[in-house]
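Visitor: Can you walk me through this structure? I'd like to start with the strands and then look at a few side chains.

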Amino acid sequence: MEVQGRIKMIDETKTYGNNGFRKREVVITTEEQYPQHILVEFVQDKCDLLNSYNEGQMVKVSINLRGREWVNPQGETKYFNSVQGWRIENLQQETAPGGMPPVPPMEAFEPADDLNEEEHDDLPF
């Protein structure tokens, strides 16, 4: 599954327990009629995938839905869900190589009305 949207928040990596379990959370705001703020967690070595991203960037996150069952001390069964990310891709267009601006569409150019085909030129085409 995938979630697309703008990064609203990137949390710091947090470590839990004696065995060093790592988790980092990011909130993605979808861009639809009713925007949703989706909390996605990255765990262990996947935490480092968020290092090169910033708040405000448009991204696509590949996710897995995780669910678990827990029985509390009173014997009641509870269920919990989480959204776990495993890949993130930048959706913003990169600037052109060499800092060149993008070429405008053909409609932006005016036609040459004063063209005289009988006039000699030295162009090879």
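Visitor: What should I know about the model and its numbering?
Guide: This is a predicted model, where local features need pLDDT of at least 70, side-chain atom pairs count only at pLDDT 80 or more, and totals for chains, interfaces and linings use all residues. Residues are numbered from 1 along each chain as its sequence is written, and side-chain values use heavy atoms, with hydrogens and water left out.

Visitor: How many bridges join E5 to E6?
Guide: 13 bridges join E5 to strand E6 (residues 77-90), and the two run antiparallel. Strands here are DSSP runs of E, at least two residues, numbered from the N terminus. Two strands pair if DSSP finds at least two bridges between them.

Visitor: Which residue stands opposite Ile63 in E6?
Guide: Gly85 does.

Visitor: And the turn between E5 and E6?
Guide: E5 and E6 form a hairpin, with five residues between them. Gly75 sits in that turn and has a positive phi of about 90°.

Visitor: Which way do E1 and E5 run, parallel or antiparallel?
Guide: Antiparallel. Five bridges join E1 (residues 2-10) to E5 (residues 58-71). Gly5 has Val59 as its bridge partner in E5.

Visitor: What joins E1 to E3?
Guide: Four bridges, again with an antiparallel run; E3 covers residues 21-29. Arg6 stands opposite Thr29 in E3.

Visitor: How many bridges does E3 share with E4?
Guide: Seven, in the antiparallel sense, with E4 at residues 37-43. Val27 is opposite Leu39 in E4.

Visitor: What about E2?
Guide: Strand E2 (residues 14-16) pairs with E3 over three bridges, in the antiparallel sense. Thr15 has Arg22 as its bridge partner in E3. E2 and E3 also form a hairpin, with four residues between them. In its turn, Gly17 has a positive phi of about 75°.

Visitor: Switching to rings. How many aromatic pairs does the structure hold?
Guide: One. Trp70 and Phe80 form a tilted pair, 6.3 Å centre to centre with 55° between the planes. The pair links distant parts of the chain, with Trp70 in strand E5 and Phe80 in strand E6, 10 residues apart.

Visitor: Why tilted?
Guide: Because planes under 30 degrees apart count as stacked, over 60 as edge-to-face and the rest as tilted; rings of Phe, Tyr and Trp (its six-membered ring) pair if their centres lie within 6.5 Å.

Visitor: Is Trp70 buried, exposed or partly exposed, and what about Phe80?
Guide: Trp70 counts as partly exposed, at 44% relative accessibility. Phe80 counts as partly exposed too, at 40%. Buried means under 20% relative accessible area, exposed over 50%, and partly exposed in between (1.4 Å probe, protein chains only).

Visitor: Now Asn64. Where is it?
Guide: Asn64 is in strand E5. Asn64 counts as partly exposed, because its relative accessibility is 31%. Asn64 and Glu2 are 62 residues apart in sequence and 8.5 Å apart in space, C-alpha to C-alpha.

Visitor: What is Asn64 in contact with?
Guide: Ser82, Val83, Gln84 and Trp86, leaving aside neighbours within four places in sequence. Contact means heavy atoms within 4.5 Å.

Visitor: Why does Ser82 count as buried?
Guide: Because Ser82 has a relative accessible area of 11%. Ser82 lies in strand E6. Ser82 touches Glu41, Asn64, Leu65, Arg66 and Arg68, not counting residues up to four places away in sequence.
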